Amino acid sequence: MVHEVSDAVLLRGVRVGSEGPVADVRLADGRIAAIEEPGARTDGAEVLEGGTLLPGLVDGHAHLLQWAQFRHRIDLSGAASAAAAARLMAAGPHDGELLLGAGFTDGLWPDSPHKSTLDAVLGDQPAVLLSKDLHTLWCNSPALRLLGRDHPSGVFVEDECMRITAELPRPALTVTDEWVLEATEAAAARGVTAISDYEFTDTVTDWTRRLEIRSPSTRVRCVLARYLLEEAIERGHRTGTPIAELLTVGPYKLFVDGSLNTRTAYCLEPYPDTESTGELVTPPAELEPLVHRAVAAGITPALHAIGDAATRIALDAFERCGSGGRIEHAQLVAEADLARFARLGVIASVQPGHCPDDRDVAERYWAGRTALAYPYAALHRAGARLEFSSDAPVAPLDPWDAIASAVTRTDDERPPWHPEQCLPLAVALAAAAGGRTAIREGDPADLVLTSVDPAELDPHGLREIPVRATFLAGVPSYRGED
């Protein structure tokens with residue numbers, strides 16, 4: 001929530017940018033009004049003293065409704081098997097209402113998800129479990145009956161998973177809308193000033209409705225789902241155009257392939273011990289007309305591509321359409337395709353938090369090929385523009401987790417995974433700020449003030465860095481305790 005303050009704010013004695021000079025920074029009329037020598041007069045402005053001032057952080061890919069719901073679901077991220085996930089669900093309330101769990105990763109499990117595993121411990125209690133990567137939905141038999149479906153295993157992947165997930169019974173809109181707004185408040189507390197909402201719904205309508213409750217604590221870019229392209233064009237929506245205060249139209253999302261954990265990421269080489277190269281969700285003959293249609297209407301395509309074959313197909317589509325755009329994830333990239341990002345003007349929208357999370361799954365299913373898995377440094381050296389995000393709830397909506405993961409490529413006691421792909425801190429900070437690299441007079445005052453300079457911290461400290469304040473157009477959207 002944006003807090004009302006005086007017309008101007010003076011940030012006194014702050015470090016301007018990581019390892020930058022100390023100055024007084026004046027915010028007024030939504031912009032950085034002045035950067036002055038320390039000791040500037042207050043002139044009636046609200047004063048905050050000390051800290052390091054950075055460009056506001058941007059989460060370029062999150063699923064806000066699912067993230068908000070995840071914060072209210074049974075956490076399955078620690079489950080090491082299907083049986084363990086079932087036990088966690090069994091510990092939840094058995095009240096006959098649909099029981100929701102989220103965050104499991106089954107790629108390394110010794111057993112497979114199946115409705116019978118849940119049925120054995122849950123009885124008549126309906127339950128659904130959503131995987132961490134959002135590409136697998138696991139239901140028990142009572143949940144299947146509730147959803148009006150029959151299925152031999154109760155496990156749905158890719159399109160079926162997403163379609164059923166969108167149909168799941170939810171609390172009242174007033175409840176979930178409040179949860180989503182609270183999620184933006186939590187994001188602002190970590191320095192986030194803008195989020196692209198990739199929820200598979202009519203995000204424009206959803207966010208317009210939420211404004212009737214109150215404004216979000218971040219800017220929101222309303223991403224357009226595939227099924228809404230024609231309606232969006234009829235509405236006159238164009239990527240970047242304002243919808244309302246703090247809301248703009250985002251890009252248009254299309255899936256080229258699936259995910260690594262479900263072995264549906266579309267790859268140039270088969271998965272070990274199989275003939276499968278993954279799943280091509282949208283083949284070129286279907287993909288390219290949709291990209292053309294969006295580009296012609298002023299809507300930026302954002303193509304989900306995880307495997308190297310899918311990434312190549314996405315780049316081919318942009319090249320044939322003569323346009324730039326975004327590739328979401330780019331988790332495995334063939335060496336020949338690295339330079340194409342910069343040449344075509346395609347943004348690599350990546351999620352560094354996935355890298356340490358997925359290293360073991362990648363080593364199993366992309367064995368011998370992981371030198372170009374999550375190839376952040378290689379993309380940067382090739383001139384690609386990197387933008388960071390969380391893909392929440394796949395990873396927590398916390399840009400500092402992404403920054404630390406990009407710099408270190410580890411989040412536990414193990415050494416960095418492919419350290420040659422680590423990014424310098426300055427590059428990671430810019431990618432986490434949507435490409436913004438400096439604090440300059442006249443720029444929009446979307447900013448974050450940290451208690452310490454990130455350059456002074458070790459990786460653990462980066463993840464836990466204290467945020468003193470976050471500003472939207474010069475107005476605090478978050479204030480920590482001084």
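Is Gly324 buried, exposed or partly exposed? Good morning. The model I am presenting is a predicted one, and I shall begin with this residue. At 28% relative accessibility, Gly324 counts as partly exposed, because that class lies between the 20% limit for buried and the 50% limit for exposed.

Where does Gly324 sit? Please find the loop that runs between helix H10 and strand E17, residues 325-329; Gly324 is located there. Setting aside residues up to four places away in sequence, Gly324 touches Pro301, Phe318, Leu344, Gly345 and Val346. Between Gly324 and Thr300 there are 7.9 Å in space, C-alpha to C-alpha, although the two are 24 residues apart in sequence.

Let us now turn to helix H10 itself. Two packed helices are described by the angle between their axes and the distance between the axes. Helix H9 covers residues 284-296 and helix H10 covers residues 308-321; their axes come within 10 Å and cross at roughly 45 degrees. The two helices are therefore oblique to each other, and the crossing of H9 past H10 is right-handed. On the H9 side, the residues in contact are Pro284, Leu287, Glu288, Val291 and His292, and they meet Ile313, Ala317, Phe318, Arg320 and Cys321 in H10.

Finally, the cysteines. How many disulfides does a search of the whole structure find? The count is 0. For Cys422, the closest cysteine sulfur belongs to Cys355, at 8.1 Å, which is too far for a bond, because a disulfide requires sulfur atoms within 2.5 Å. Cys222, for its part, is buried, with a relative accessible area of 0%.

Terms used: Residues are numbered from 1 along each chain as its sequence is written. This is a predicted model: local features need pLDDT of at least 70, side-chain atom pairs count only at pLDDT 80 or more; totals for chains, interfaces and linings use all residues. Side-chain values use heavy atoms; hydrogens and water are left out. Axes are lines fitted to C-alpha atoms, for helices over the stretch in contact, and angles run from 0 to 180 degrees between N-to-C directions. Helices (H or I, at least four residues) and strands (E, at least two) are DSSP runs, numbered from the N terminus. Angles under 35 degrees count as roughly parallel, over 145 as roughly antiparallel, 65 to 115 as roughly perpendicular and the rest as oblique. A crossing is left-handed if the near helix is turned anticlockwise from the far one by less than a right angle, and right-handed if clockwise. Contact means heavy atoms within 4.5 Å. Buried means under 20% relative accessible area, exposed over 50%, partly exposed in between (1.4 Å probe, protein chains only).
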